[in-house]
Amino acid sequence: MKTVSSAIAPVAFAITLACVSAADVSPARAEAACDVDKPGSELSLMDAAKLWHCLNEDLVAGYRTGDKRWIPEEFINDYRSWKAASDFPAASSVHGGRFLVTFVNPVGEKAYMQFAEEGVKMPEGSVLAKESYTVDEKGHVAKGPLFIMQKVAEGTSPVTGDWYYMAVAPTGEPMAMDVITACSACHQASFGKRDGMGYPKPEARAKP
Ligand code: HEC
């Protein structure tokens, strides 16, 4: 009898382990642990901030996964040490209804954090990075892209106001797109007087 029961136990243990590791590697709903009990449109600022804390490590780890190809890797590795321009994630109807948190690197910090409406000229070497996530009508959370803008030397790209636009998928792959139509046209048309910058919503802006 003894031998039978000791033979069963390891089998049961092995099955449990198999289930756990299968659940762990499921990439699609890794963020399910952060789901909320109300639609995204009804989240309070506090709910959105809590959710961001829940996603936090996972979001950054995703962006950092794999080869960044044409996107400077240091942007992705460093942006979390830059100045946070938002105090909490605010929903934007424009960037696909996503909740957004913006960071600005040391070169651009002084100019960006004034959130000036006119006469803005960002210095060459400024980089802005914006994290995103969405919450659907059922309260399901999904990680969104990391959006990046880099100010390059004057005259390098006049059509985009000398900004390079880039985006990294939540899985870490650089996203191929026509940046003129996908990004620059809206930024230039909407925010021409602010050197193409959208800024976080007023209630979400951090202190300089
Ligand atoms: C339809 C208009 C529109 C399009 C298209 C768009 N953006 Fe934006 N973008 C905005 C607005 C509005 C903000 C400010 C949003 C906020 O934080 O509330 C913004 C903010 C940003 C920021 C933060 C810096 C800033 O401007 O204050 C980055 C970085 C950014 N966008 C990158 C991109 C990239 C990359 C793309 C293309 C994949 C893109 N955007 C497409 C409107 C747009």
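**Ring and cysteine contacts**

Tutor: Let us begin with Tyr199, which counts as buried at 10% relative accessibility; buried means under 20% relative accessible area, exposed over 50%, and partly exposed in between, with a 1.4 Å probe and protein chains only. This is a predicted model, in which local features need pLDDT of at least 70 and side-chain atom pairs count only at pLDDT 80 or more, while totals for chains, interfaces and linings use all residues. Residues are numbered from 1 along each chain as its sequence is written, and side-chain values use heavy atoms, with hydrogens and water left out.

Student: How many aromatic pairs does the structure hold?

Tutor: There are five aromatic pairs. Rings of Phe, Tyr and Trp (its six-membered ring) pair if their centres lie within 6.5 Å; planes under 30 degrees apart count as stacked, over 60 as edge-to-face and the rest as tilted. The pair of Phe99 and Tyr133 is stacked because the ring centres are 5.3 Å apart and the planes lie at 15°.

Student: Where do Phe99 and Tyr133 lie?

Tutor: Phe99 is in strand 3 (residues 98-104) and Tyr133 in strand 4 (residues 127-135), so the pair ties together parts that are 34 residues apart in sequence. Helices (H or I, at least four residues) and strands (E, at least two) are DSSP runs, numbered from the N terminus. Both Phe99 and Tyr133 are buried.

Student: What about Tyr112 and Tyr199?

Tutor: Tyr112 and Tyr199 form an edge-to-face pair, 5.4 Å centre to centre with 75° between the planes. Tyr112 is buried as well, with a relative accessible area of 3%. Ring pairs link Tyr112, Phe115 and Tyr199 into a cluster.

Student: Which charged residue sits over the ring of Phe115?

Tutor: The charged end of Arg205 does, 4.9 Å from the ring centre. The criterion is that NZ of Lys or CZ of Arg is within 6 Å of the ring centre and within 35 degrees of the ring normal. Lys130 lies over the face of Phe147, at 5.2 Å from the ring centre.

Student: Changing topic, which cysteines does a disulfide join?

Tutor: Cys34 is joined to Cys54, with an S to S distance of 2.0 Å; a disulfide is a pair of cysteine sulfur atoms within 2.5 Å. The search of the whole structure finds one disulfide.

Student: Why is the disulfide left-handed?

Tutor: The torsion about the S-S bond of Cys34 and Cys54 is about -85°, so the disulfide is left-handed. Cys34 counts as buried at 8% relative accessibility, whereas Cys54 is partly exposed at 41%.
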